[in-house]
Amino acid sequence: MADIFSGGAAREHAIATSCRAKAAIVSRDERETGERRTAHLGHTFGHALEAANRLFRSPVPRRRRFRRMVLAAEFSAKLGMISEQDAARHRTPPCFGGACRPICKDIAGFAQEGLADADALMALMAQDKKVKRGKLTFILLEAVGRAVIANDVEPSLVRDFLEAQTGQA
């Protein structure tokens, strides 16, 4: 796995394999009504974090993009959907090459701008196009490698999770 992050043939193979897999999923679900939606693991968290980065005109480093998936795994564990051990597999090498420290604590400058708190991140999540009738849509894990769509997550649970991630709790 570390070879993928260092570049070269391993990375090229991983990218080609991923592109073929995504193309197959897109061809089976062109309108993103089922299987294709589950390819967006952690998107709701990523949407808020990327929106906050755009407010500061700060690019999201490629390695940080993996962290949305770590947040999804950790939130899945908090909800009891997967074990803490399974969530830990997403936080530690070789999963994402050690790129995944707690992301909310790692966003420089957000605190002074009022964007590192749970309420601000919740407000950014609410702007996601996948919000339906005021409800957030999460792609979470029911097992390692098996994502599910969760439309019925209580906002208070999301807020509590974000508070813990930002160090507010």
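Visitor: What should I know about the numbering and the pLDDT limits?

Guide: Residues are numbered from 1 along each chain as its sequence is written, and side-chain values use heavy atoms, with hydrogens and water left out. The model is predicted, so local features need pLDDT of at least 70 and side-chain atom pairs count only at pLDDT 80 or more, while totals for chains, interfaces and linings use all residues.

Visitor: How many salt bridges does the structure hold?

Guide: A salt bridge is a side-chain nitrogen of Lys or Arg within 4 Å of a carboxyl oxygen of Asp or Glu. The structure holds four of them. One of these joins R28 to E35, with the closest N and O atoms 2.8 Å apart.

Visitor: Is R28 buried or exposed?

Guide: Buried means under 20% relative accessible area, exposed over 50%, and partly exposed in between (1.4 Å probe, protein chains only). R28, at 55% relative accessibility, counts as exposed.

Visitor: Which residues are linked with D119 in a network?

Guide: Salt bridges link D119, R159 and E163 in a network. Another salt bridge is formed by E142 and R146, at 2.8 Å from N to O. E142 has a relative accessible area of 38% and is partly exposed; R146, at 47%, is also partly exposed.

Visitor: How many residues are in the largest nonpolar core, and which have the most contacts inside it?

Guide: In soluble globular proteins, nonpolar side chains tend to be buried together. A nonpolar core here is a set of buried Ala, Val, Leu, Ile, Met, Phe, Trp, Tyr and Cys residues joined through side-chain atoms within 4.5 Å. The largest one has 29 residues, and F45, F75, M125, F138, V158 and L162 have the most contacts inside it. At least two residues each come from α3 (43–55), α5 (67–78), α7, β1 (138–143) and α8. The most, six residues, come from α5.

Visitor: What does L162 touch?

Guide: Contact means heavy atoms within 4.5 Å. Leaving aside residues up to four places away in sequence, L162 touches F45, A118, L121, M122 and M125.

Visitor: How many aromatic pairs are there?

Guide: A pair of aromatic rings is described by the distance of the centres and the angle of the planes. Rings of Phe, Tyr and Trp (its six-membered ring) pair if their centres lie within 6.5 Å; planes under 30 degrees apart count as stacked, over 60 as edge-to-face and the rest as tilted. There are five aromatic pairs. F45 and F75 form an edge-to-face pair, 5.7 Å centre to centre with 85 degrees between the planes. F45 is in helix α3 and F75 in helix α5, 30 residues apart. F45 is buried at 1% relative accessible area, and F75 is buried at 0%.

Visitor: Why is the pair of F75 and F138 tilted?

Guide: The ring centres of F75 and F138 are 5.5 Å apart and the planes are at 50 degrees, so the pair is tilted. F75 lies in helix α5 and F138 in strand β1, so the pair ties together parts 63 residues apart in sequence. Ring pairs link F45, F75, F138 and F161 into a cluster.

Key: Helix = DSSP H or I, 4+ residues; strand = E, 2+ residues; numbered from the N terminus.
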